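Reader: I am new to reading structures and would like a close look at a single part. Please keep it plain.

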Amino acid sequence: MTLKRLSAFCLLLLCQIISAQKDSITSLKEVIVSDANLKKYSNSQSVLKLNDSVIAKNEALLTDLLNFNSTIYFKEYGRGMLSTVAFRGTTASQTAVIWNGININSQMNGSTDFNTISGSDYNSVSVKAGGGSVIYGSGAVGGTVHLNNDLAFYKRFENNLKLDYGSFNTIGINYKTNISNEKWSAQIGFSKNSSTNDYKYLNRYTWKGEQRWNQNGQYDIITVNANVGYKFDSKNILKLYTQTSNTDRNTSLITETERKSKYINGFNRNLLEYDGDFGKFRTNFKAAYIFENFQYYADNSKNQYTYGKTESLITKADLGYTLFKSTQINGIIDYNRTKGYGSGFGDHTREISSAALLIKQDFSADWKNEFGIRKEFTDNYKSPILFSLGSSYQLNKLYNLKLNLSRNFRIPTFNDLYWEEGGNPNLKPESSYQAEIGNVFTFKNMSLTQTFYYMKIKDLLQWVPGKNGIWSPQNTDKVNSYGAETLLSWKKHFSKNYFSANASYAYTISEDEATGKQLFFVPFHKVNGAISYSRNKISAYYQFLYNGFVYTQSDNDPKQIVKDYTVSNLGVDYDFNFLESFKLGFQVLNLFNENYESLENRPLPGRNFNIYINLKF
Amino acid sequence: MKLTRFLLIALSVSLFVSCSNDDSNDAPKGVYDNGFFILNEGSSKGGSVSFSSDDFSTVVPNVYEAANGADFAGVYLQNIFFNGDNAYIIAGGSDVINVVNRYTFKLVSKIETGLITPRYGVVKDGKAYVTNANTYSYINPATGDTDDFIAVIDLATNKVESKIDLNSTANRIILENNKLYITDSSNDKVLVVNPATKTLEAPITIGYSGDSMEVKDGVLYVLKSPYQNRGELVKIKLSDKTISKIAFPESLDGSGNLDIYGDKIYYTVNKSVYAMNTSATTPSTTPLFTASLSTDGYIYGFTVKNDKFYIGDGGDFKSSSKAYIYDLNGTFIKDLAVGIAPNGFYFNE
């Protein structure tokens, strides 16, 4: 079975043998996943699942977790600052972030800032490479990142508290409790991650010879989660997911003389979901209210700011029917109303409806096919017909072939349409065709996944200067992206010594069709890897990241690049076996003191340290 | 244009202001003598300065980095003015002015406090007068349009010694006959400041969108180019402040870069250069020539000097661009590889 194999593979990747064993035990108990379609309709694509044990080993914010564990490329405006991605050579707004099945990319700028999300708020973070607009809508072009909270219905009272203290006064407080029985399940979590973030810039001095350091880089991110499920009976389940977060960040200076600014943003998400399982017929209804806002203070010392807010109401009905034993069909309709108001783009409301049909057909246990089609209806733009077509064939024990073809899109944002001045109400969505072939090889202790993809993107939105210097978005460019992703994992144990290793490599060409130039801020090469070892109560790991150089200009001027860098982390922890688990851990981050940056003039820290306690009771 | 004006002032000032400079006291004037700098505004990642010799045979990219290593000049480089042996590079996005030796580009000092979104500067009697846009009304509706000021910089100490509040918006500045004249497209006046008393004098109302300007024979010429509306050339006789206006037709929408050279007034629209006589009463609507710029580019930086046009191609404002040299007949002479968004030419002579 591909799915089992895939999830087994994902577990391998997590390089956490002991926990992985625990996971496989708990997974026998009933766990309700928040995003059923992620599992159901991704047989023909590659999904990398990072569970809580991996999340706990990495730095708190999602940028670090995914930078060291996935093929996604990140650029950060300094440690903890604005962080955006390129996935398969696409732009920041062509990776969709999905919270419990709901697309949460900003309605204002189309993207997600990965330094405003703390991984510990979720049970798992999954990375799905490739198109997914049929299920997840706008932005699911390069891939999707899934933040999932799972509710389990068995008797338990579990608490998890992780406390971190690190260099630059970096403090992490992450707490999660699960209280459940056969009827009720509740998960309540709190996370706070902050830092004064005043690290030194390695070998950089001002013109007066003073050591340069990261000024005005402090951040504080607080998130509260409360998720509750109630099982009426074996057929009916009601779930409520809520989350509130506030990120209060100053913005790192690139020159000492700049005015100090800050950026505060927050969100509130509420999702009410009903699952009905009536044998052949299944229903899933969702209603969500999502609020996001930001305030930008160009000068910290003054109470003057620009702002933007959006409120979205999302309703979704998903009706599933098992046609034959081998064939399942889902019809989905949704309605989405977003009201946005801000100092930059006025006051506008956007309504989007859509209808989608998904079909899954399993000819046999080894051969699975999936098909999806979706069309959106809105007054705002002309929407293309989206589709997805995939097949997974398990040739033998060793080899699994996957094929997927899809059409995906990214809709214009409030900024694109309504920005004053320059917003262009006559924009088309960016759209793409994508084809991929995945080869999954599984040996005894080893798994190798290799995916080749080709993507054609047209109508890429670019802000271009017009007359009088007013910039305006236009559907200008066509981009061809292609490349290969290789994921490798291995594990082995010799009596009590457990070893595991994993690595990934992404080779990416993403070129402007007209000029033949590589898109800027898309590296040709990205590699990461980890090895871990554990024995009894002690475990240790080493992880590294190699990021190839990137051009910083569309003309590929060879002088205008961000140089390649390699960053390594080393960690060790010891379980005192007090309570259920009491781990004391120590990490050395940027072990070799690499002097690096992911954006020009925005250096990242040298060697630094973190100590943590991870308690389960 | 103000550039020639800057130079005259700078040269005359240099006659009686002595500037101490540790780096080049006894050295020859330096590698960047006999040429000109192209100021590349850059993007949010920073700007740069390119150099070309007068005969265009030597072009050096990023002379600031070449001379000063890792030191960062700042973002959105707006303007350069000279005084004696020094060049002052205004970084509008970094609230700093980098003081360098104009012949070696070695950093002499930085003016680091007292500036808030500095724009353009002129020099008179050892002092620089730099307009500061301060806050903008989109973020500060209460006072964003009235808080602009002139920072008065003592060039002996490279410190802001005082400021002159303008109670208005401010951008371009020129010095003429001991008076400062200031335009900004978002107000309807030419501001007049007496630098000796640091006081505002009666402004001259010309209507909104006044931008590039130059004085010739006691007449201040201001080119207005409102967004999506017709432009106008305003002539102000400075002796009695009487105004006459020449209307621009729709075909000249988006005009800019007024520069007077000889008895001709030059201005640009998109990729084209136009010329009219200073005595003309109607504008020229036929281009003198159209420059062969990049597809989406338009004339961003522009100067007429030494019987040549110096044109900076804005390009896409994201990639390294080019500067183009044409003769006064519009015949192409040379193009030079420069940085992002070349917005001005500054001559060492």
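Which residues of chain A does the UniProt annotation "domain: TonB-dependent receptor plug" cover? And what can be said about the surroundings of that part?

Author: This is a predicted model. In the UniProt record, an unreviewed entry, the annotation "domain: TonB-dependent receptor plug" covers residues 43-144 of chain A. That span is 18% helix and 27% strand, and its end C-alpha atoms lie 15 Å apart.

Next comes Asn149(A), in the loop between strand 8 (143-148) and strand 9 (151-152) of chain A. Asn149(A) counts as buried because 25 other C-beta atoms lie within 10 Å, and the cut-off for buried is 20 or more. Leaving aside neighbours within four places in sequence, Asn149(A) is in contact with several residues, including Asn100(A), Tyr122(A) and Asn123(A). Further contacts of Asn149(A) include Gln187(A), Asn225(A), Asn227(A) and Tyr241(A). Ser34(A) is another contact; Ser34(A) and Asn149(A) are 115 residues apart in sequence, but their C-alpha atoms are 6.3 Å apart in space.

Chain A also touches chain B: 25 residues of chain A are in contact with 27 residues of chain B. On the chain B side, nine of the residues are nonpolar, 10 are polar and eight are charged.

The largest nonpolar core has 97 residues, and those with the most contacts inside it are Tyr88(B), Ile89(B), Val190(B) and Ile311(B). Strand 5 (residues 86-91) of chain B gives this core its largest share, five residues.

Conventions
Residues numbered from 1 in each chain as written. Chains lettered and ligands numbered in written order. Predicted model: local features only at pLDDT ≥ 70, side-chain atom pairs only at ≥ 80, totals over all residues. Contact = placed C-beta atoms within 7 Å. Nonpolar A, V, L, I, M, F, W, Y, C, P; charged D, E, K, R; others polar. UniProt positions renumbered as here; feature names shortened; annotations may be inferred. Helix = DSSP H or I, 4+ residues; strand = E, 2+ residues; numbered from the N terminus. Core = buried A, V, L, I, M, F, W, Y, C linked by C-beta atoms within 7 Å. Buried ≥ 20, exposed ≤ 12 C-beta atoms within 10 Å, placed from the backbone.
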